[in-house]
Amino acid sequence: MNAPLSQAALPLPASHAPAVPWRGMSAADYRESLRRYRPTVYVDGRRVESVADEPALRPGVQALGVSYDMAHDPALAPLMTAVQTRRGGRTVPRMLHVNESAGDLLNKLEAVRVLCQETGCAQRYLAHDALNGLAQVCAAIDEARGGRTHRDRFDAYLDHVQQHDLAIGIAMTDAKGDRSRRPHEQAQPDTYVHVVERDGRGLVISGTKAIVTAAPYVHELMVMPCRAMGEADAAFAVCCAVPVDAPGLTIIARPAGRPGEKAEHGAALFSRKYGQTTAVVVFDRVFVPWDRVFFDGEWAHSQTLTYAYATHHRHSCIGARAGFGDLLIGAGALMCEANGFDPGERANLREPMVELIKITEGFYACGVAASVYATRDPLAGNYMPEPVFANIGKLLLATQVYDMHRLAHEVSGGLIVALPGPDEDHNPATAATLAEVLRANPAVPYDKRIEVARFMEDLTASYQGGWTSLISLHGGGSPAAMKQEIWRHYPVGSKVDLVERLLERGVLAPQAGGPARAITRNRQPGRCCDSGCSAPGTCCCSGAGAGFSPLTTDWM
């Protein structure tokens, strides 16, 4: 299920320029490029001098490096790169590509899955989601105002990040302060990033972004609003790109993965190699030149960006967690084998294994459907995943990740948390006895059995396992936000019409000029109200005046 997907039978843009050869960075180049930046980074209360050489961040640097190396692998290049015809036929990283077809979305979904099979979480795909959402909002602002100012800025920035093969972090979730209050109502305005000054050269921003994935080891941060803003929140409606080492920018991060940790059951076999950090990023009067400002004060368009980004990102999350599901399926099968059982012969193992497969491929199928039914943005020209399927897929993985862990535990047995520590493997007083009595399948050596058991412990029964569950549940938006989006976009009215026609119940149809029935309001995907929410900022579901916005991608 990991072969590149042909675009031949899918909608393609009209122009087909020949591809310009790929010259992007390798993982080694990426790691070396980090040494040219001097960000202010703190981890565990101490200042980090070199992000590229910091052991606490090494698993994150290595995880991002995989996305660079896979783009140079001839077998994976069709997935990991794309031809950007709007950029003159340049071959670009898949994670920095603005989609030009439904096939692009399919290949992005599969690329994210492959990356996460190797790394657990590829992280870099957030840049793809933000760039595609930004393309849409810049086009929408220009359409409303006339001209090409925002599109031209975006195109220049897209050329910059693609040409230099940059890693872009997404600074979206604000600290938010009192959740019952709007941004402009906060007692401490720095709980949200906002504009504090403007002049002819650019603007100055201050505030705090609370959950920024991979922040220490990216090249630039894309600052975006985390919710639909009201007119009084115009100062908080800002989107701009900032180098990670910009003066006034401070990154306070947690370690990536479990590097150097000697856990109870041995060194983390997976998360000491690959991991992910999240950071609080503080902006203290950070200057941003105008050519890096994509919108400023356009509060009515903030919901356009948050909705577009959320839809792209939830689609990507489906591929990411499918890759994690592949790891659980493989480790679960190996544990069955090491324990001396064949799931094909034992229903008590086969059933949970099939359930694990069903969950993983079930939400992934929603991602495929969201790709196939994608629509072309009429202004930006890129392709948007179908929102109902994208949100259902993300909702399924968010709520079923706990079942995935349970099923992996069910087929593995209690050994994954009951093994003696790894020092006993080399203790002359105990090693021989353990190797003899803890071996199960005669064909699987003791050391191989305990290796996969400790691997499963790392994935599911460790700090890292709990962390994975939480980011799956809330990353990209809470389940409540996804349910709201599904209800907003699902054509319930069409289903009501279907039944009323069968029942010949024309009496309940709205009379000309009479009030519309709420239950039949939504008659096609993408229309949450009678006007179709075509006027920015006027959506009846935007949550204006409330503490919760269904368009938010926050997970705090």
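Glu-361 is partly exposed in this predicted model, with a relative accessible area of 22%. Its salt-bridge partner is Arg-113, and the closest N and O atoms of the two residues are 2.8 Å apart. Arg-113, by contrast, is buried, with a relative accessible area of 1%. Because Arg-113 belongs to helix α4 (residues 102-119) and Glu-361 to helix α8 (residues 347-372), the pair ties together parts that are 248 residues apart in sequence.

A network is also present: Arg-86, Arg-148, Asp-152 and Asp-155 are joined into one by salt bridges that share partners. The count for the model comes to 25 salt bridges.

Two further pairs may be described individually. Arg-46 forms a salt bridge with Glu-54. Arg-46 is partly exposed, at a relative accessible area of 36%, whereas Glu-54 is buried, at 9%; Glu-54 counts as buried because its value falls under 20%. Glu-32 forms a salt bridge with Arg-35. Here Glu-32 is partly exposed, with a relative accessible area of 41%, and Arg-35 is likewise partly exposed, with a value of 29%.

| Salt bridge | Closest N and O atoms |
|---|---|
| Glu-32 and Arg-35 | 2.7 Å |
| Arg-46 and Glu-54 | 2.7 Å |
| Arg-113 and Glu-361 | 2.8 Å |

Definitions and conventions:
Residues are numbered from 1 along each chain as its sequence is written. This is a predicted model: local features need pLDDT of at least 70, side-chain atom pairs count only at pLDDT 80 or more; totals for chains, interfaces and linings use all residues. Side-chain values use heavy atoms; hydrogens and water are left out. A salt bridge is a side-chain nitrogen of Lys or Arg within 4 Å of a carboxyl oxygen of Asp or Glu. Buried means under 20% relative accessible area, exposed over 50%, partly exposed in between (1.4 Å probe, protein chains only). Helices (H or I, at least four residues) and strands (E, at least two) are DSSP runs, numbered from the N terminus.
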